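Me: I should like to go through the reasoning behind the terms used for this structure. Please set each value against its criterion before concluding.

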Amino acid sequence: MSQNLSESIIHRKVWMAEFDLPILKTLWQRYSNDKYPVFPPPTPEELLARPNVYRKRVFQRVYRTPKGNSEDTPLFSLYRLYEHLVLNDNIGLRNEIEYFWYAKWPITSIPDPQDPSESRYAVLSAIPALLVESFDQRIELGLPRKAVPIMSREEMEQYQKEDRIFESVPEWTDKVVVVQLGETLVIPHDDEEILESFEDERASSQLAAKNILHWQPHIYLFER
């Protein structure tokens with residue numbers, strides 16, 4: 001084989017490799033499972049062991065539901081809220097709360113996930129109480145679940161005249177036994193800061209009820 005022919009073949013292989021890289025990347029992105037949430041997601045212990053890795057994965061997702069599930073449900077949303085909460089992803093948590101609000105699912109419609117992980121089940125069972133706390137603040141102000149994102153002053157005034165219909169937690173949440181791992185499940189805040197005890201006024205009472213120590217998340221439309 002001549003030297004010119006050999007060089008030509010080498011150059012062609014290099015060119016093909018460079019040409020194929022973006023194509024392969026596109027195909028990988030199109031069919032990669034990383035674009036879909038894993039159901040169920042990792043346990044709190046796993047998420048907290050590598051928070052930056054899992055935050056990146058959550059941020060890079062394209063779809064809300066697991067692969068093969070085109071219809072979203074209150075249960076899928078509950079697990080997304082769980083991930084945002086454990087990973088201390090405040091923006092993601094607030095966005096998912098807004099999503100749940102405008103999906104108009106009653107909080108009581110969240111089914112019992114019967115999760116096999118004790119710690120994950122405990123966090124999941126605490127989240128509906130956080131949603132009730134968040135939504136009832138809006139309802140008390142005269143903003144019902146049926147309201148659309150953009151409304152006129154007249155519509156708002158009419159809503160404020162109507163009877164308030166408050167939310168409530170699903171019955172299954174009261175049956176979930178608190179974490180029994182020998183110690184409290186502690187979720188770090190910004191810069192890995194942790195609270196020392198449940199006596200700290202910043203601790204969430206809804207999470208404390210399930211033996212989970214963490215700051216009260218940013219769940220209110222108007223911060224208190």
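Me: What links Tyr99, Phe100, Trp101, Trp105 and Phe135 into a cluster?

Reply: The model is a predicted one. In it, ring pairs join Tyr99, Phe100, Trp101, Trp105 and Phe135, and a pair requires ring centres within 6.5 Å. By this rule the count comes to eight aromatic pairs. One of them is formed by Tyr36 and Tyr63, with 4.6 Å from centre to centre and 15 degrees between the planes.

Me: Why is the pair of Tyr36 and Tyr63 called stacked?

Reply: The planes of Tyr36 and Tyr63 are 15 degrees apart, and planes under 30 degrees apart count as stacked. The centre-to-centre value of 4.6 Å is within the 6.5 Å required of a pair. The term stacked therefore applies to Tyr36 and Tyr63. The pair links distant parts of the chain, 27 residues apart: Tyr36 belongs to the loop between helix H1 (3-31) and helix H2 (44-49), and Tyr63 to the loop between helix H3 (51-59) and helix H4 (74-86).

Me: What makes the pair of Phe39 and Tyr79 edge-to-face?

Reply: The planes of Phe39 and Tyr79 are 70 degrees apart, and the centres lie 4.8 Å from each other. Planes over 60 degrees apart count as edge-to-face, so the term holds for Phe39 and Tyr79. Phe39 lies in the loop between H1 and H2 and Tyr79 in helix H4, so the pair ties together parts 40 residues apart in sequence. Phe39 is partly exposed, at 37% relative accessible area, whereas Tyr79 is buried, at 5%.

Me: How do you know that the charged end of Arg64 sits over the ring of Tyr99?

Reply: The charged end of Arg64 is 3.7 Å from the centre of the Tyr99 ring, and the distance criterion is within 6 Å. A second condition places the charge within 35 degrees of the ring normal. Arg64 is classed as sitting over the ring of Tyr99. Likewise, the charged end of Arg138 sits over the ring of Trp101, 4.9 Å from its centre.

Me: Why is Arg145 called buried, and what does its side chain reach?

Reply: Arg145 has 12% relative accessibility, and buried means under 20%, so Arg145 counts as buried. Arg145 is found in the loop between H6 and helix H7 (153-161). Its side chain reaches the backbone oxygen of Trp101 at 3.0 Å, and a polar atom of that side chain lies 3.1 Å from the backbone oxygen of Phe100. Beyond neighbours within four places in sequence, the contacts of Arg145 include Trp105, Phe135 and Glu167.

Me: How do you know that H6 is largely enclosed, and how does its span agree with expectation?

Reply: Of the 23 residues of H6, 19 are buried, so H6 is largely enclosed by the rest of the structure. At 1.5 Å a residue, the 23 residues should span 33 Å; the end C-alpha atoms are 34 Å apart, which agrees. Just after H6, Gly142 takes a positive phi of about 95 degrees.

Me: Which residues touch the most other members of the largest nonpolar core, and which helix gives the most to this core?

Reply: Val123, Ile127 and Leu131 touch the most other members among its 40 residues. H3, H4, helix H5 (90-103) and helix H6 (118-140) each supply at least two residues of this core, and H6 gives the most, with eleven. Setting aside neighbours within four places in sequence, Ile127 is in contact with Leu78, Leu81, Tyr82 and Leu85.

Me: Why is His84 counted as buried, and what does it touch?

Reply: His84 has 11% relative accessibility; the limit is under 20%, so His84 counts as buried. His84 is placed in helix H4. Not counting residues up to four places away in sequence, His84 touches Val58, Asp89, Gly92, Leu93 and Glu96.

Technical notes:
Residues are numbered from 1 along each chain as its sequence is written. This is a predicted model: local features need pLDDT of at least 70, side-chain atom pairs count only at pLDDT 80 or more; totals for chains, interfaces and linings use all residues. Side-chain values use heavy atoms; hydrogens and water are left out. Rings of Phe, Tyr and Trp (its six-membered ring) pair if their centres lie within 6.5 Å; planes under 30 degrees apart count as stacked, over 60 as edge-to-face and the rest as tilted. Helices (H or I, at least four residues) and strands (E, at least two) are DSSP runs, numbered from the N terminus. Buried means under 20% relative accessible area, exposed over 50%, partly exposed in between (1.4 Å probe, protein chains only). A nonpolar core is a set of buried Ala, Val, Leu, Ile, Met, Phe, Trp, Tyr and Cys residues joined through side-chain atoms within 4.5 Å. Contact means heavy atoms within 4.5 Å. A polar contact is a pair of N or O atoms within 3.5 Å; within protein, one must be able to donate a hydrogen and the other to accept it, and residues adjacent in sequence count only if both atoms are side-chain atoms. The expected span of a helix is 1.5 Å times one less than its number of residues.
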